[in-house]
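Subject: Structure handover

Hello,

Here is the structure I promised to pass on. Please have it open while you read; my notes follow below.

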Amino acid sequence: MKFNTKLIHGNLKTDATGATNVPLYLSNAYAHTSAKKLENIFKGKEMGYSYTRISNPTVTSFERRIASIENGLIATSAASGMSAIYISIMNIVEPGDEIIASSSLYGGTYTLIRNLKLLGIKVRFLENIDKATLKEAINKNTKLVFAETIGNPKLDVLDIDSVSKICKENNIVLMIDSTITTPYLVKPLEYGADIVIHSTSKYINGTSNSIGGIIVDGGSNKYMDLKYENFRPYTKKYGKMAFTAKLKDTIERDIGPALSPFNAFLNLTGIETLSLRMKEHCKNALTVAEHLMQNSKITDVNYPGLENSKYYDLIKKYYSNGSGGILTFRLGSKEKAFKFLDNLKLILNLTNIGDTKSIIIHPSSTICANNTDEEKQQMGVYDDLLRLSVGIEDVEDILEDIENALKYI
Ligand SMILES: *Cc1c(COP(=O)(O)O)cnc(C)c1O
């Protein structure tokens, strides 16, 4: 199947009734008539369900759908993007290990990784993660490189191919958060990433009606290396799927951040229209970015799809379908930025992205409020910066709202 067909039919599993939507199984547990069968399910010898924290038919359908559209081997869902990121990282690292991460990560992820030093895990944040900086930062303790396809809100575009080559040469696991690009725009596994993560709360769900996360495992032989000693029992038994086998057997089971079946059901509905929505998000975002460029009250319009963007070459290399739905711009001062926000009527001032609705936020005083000034600098967050997640309304209405609010500054 091709991509758009997979969004709708990929790994679809319904029940015997012929229902066209995946049924919503709101059941915590599953009865079996033979004790042997339940024993086999617990041992992983037989497919089947035991308890919804471990697995659930609606959730499994959603996981299979995402694995299919990302061209991954298997996917594991989680209660939120944050829990997906946390359990993925903790599946790899132990005290004494090192992580290399981009400094332009989503604020929550930046803080999560920074706080790992409390567990004896060292982190090196790189302002520009590329071949040269990565080579320089890697040492024998480096177990993981973590980056986003396009940083949020810095909107720097990752050169996935060249970063993954360095990771391969040094046998280091590469984990990529592709929340803001989605598999409609890019499939990082195809460029050598080992693990792809999404906050499904954003574009995958699409209409902001459920929080969730997902971890896609592309399969890898890297875990066979002596360095990943804690994977030994899993590489022996599960080979390339060692990451997911260990995840399910250890941290996921220990913490229990299961995606609710109801949220999986909503995500399965949302994902069907991913391509249609992303196409409009990208088109509207480019129109808005080009429009903002014309206004002298606005400085530094940052949208990687603009020809004057320093990331335009990377956009051309990886993003043939569009450049995403998010842009940032600066208004000269915090006061002006606030005045602009207070005079918007259609665009909503809130913390979220990837909704059908246009959404704006002042990152410095909100999502990055817990970061130090130095961190904000590295993250490309300034006091007069606004981040706009462009929705799929008629673009004329979005532009009119912006024009109107600009009159007040
Ligand atoms: C929102 C977001 C997250 C966190 O996901 P939640 O579902 O809110 O926990 C992680 N990474 C990126 C890039 C995000 O935009």
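First, the ground rules. This is a predicted model, where local features need pLDDT of at least 70 and side-chain atom pairs count only at pLDDT 80 or more, while totals for chains, interfaces and linings use all residues. Residues are numbered from 1 along each chain as its sequence is written, and side-chain values use heavy atoms, with hydrogens and water left out.

The ligand

- Gly81: a backbone N or O atom is 2.9 Å from a ligand oxygen.
- Asp177: an N or O atom of the side chain is 2.7 Å from a ligand nitrogen.
- Ser201: an N or O atom of the side chain is 2.6 Å from a ligand oxygen.

Taken alone, the ligand exposes 380 Å², and the protein buries 92% of that. These accessible areas come from the Shrake-Rupley method with a 1.4 Å probe. Helices here are DSSP runs of H or I with at least four residues, strands are runs of E with at least two, and both are numbered from the N terminus.

The two domains

The domain assignment, which is automatic or from a database, gives domain 1 (3-271) and domain 2 (274-406). Their centres, taken over C-alpha atoms, are 28 Å apart. Domain 1 brings 42 residues to the contact and domain 2 brings 39; contact means heavy atoms within 4.5 Å. About 3,500 Å² is buried between the domains, with carbon and sulfur atoms giving 58%. Buried area is the accessible area (1.4 Å probe) that two parts lose on being put together, summed over both. Leu155, Tyr184 and Tyr203 supply 23% of what domain 1 buries against domain 2, more than any other three residues.

Backbone points

Leu155 lies in the loop between S4 and H7. Leu155 has a positive phi of about 65°, yet is not a glycine. Pro153 is in the loop between strand S4 (142-148) and helix H7 (160-169). The peptide bond from Asn152 to Pro153 is cis, with omega near 10°. Most residues other than glycine have a negative phi, and most peptide bonds are trans.

Thr356

Thr356 sits in the loop between strand S10 (348-349) and strand S11 (359-361). Ser389 is 33 residues from Thr356 in sequence, and 9.2 Å away in space, C-alpha to C-alpha.

Best wishes

Key
A polar contact is a pair of N or O atoms within 3.5 Å; within protein, one must be able to donate a hydrogen and the other to accept it, and residues adjacent in sequence count only if both atoms are side-chain atoms.
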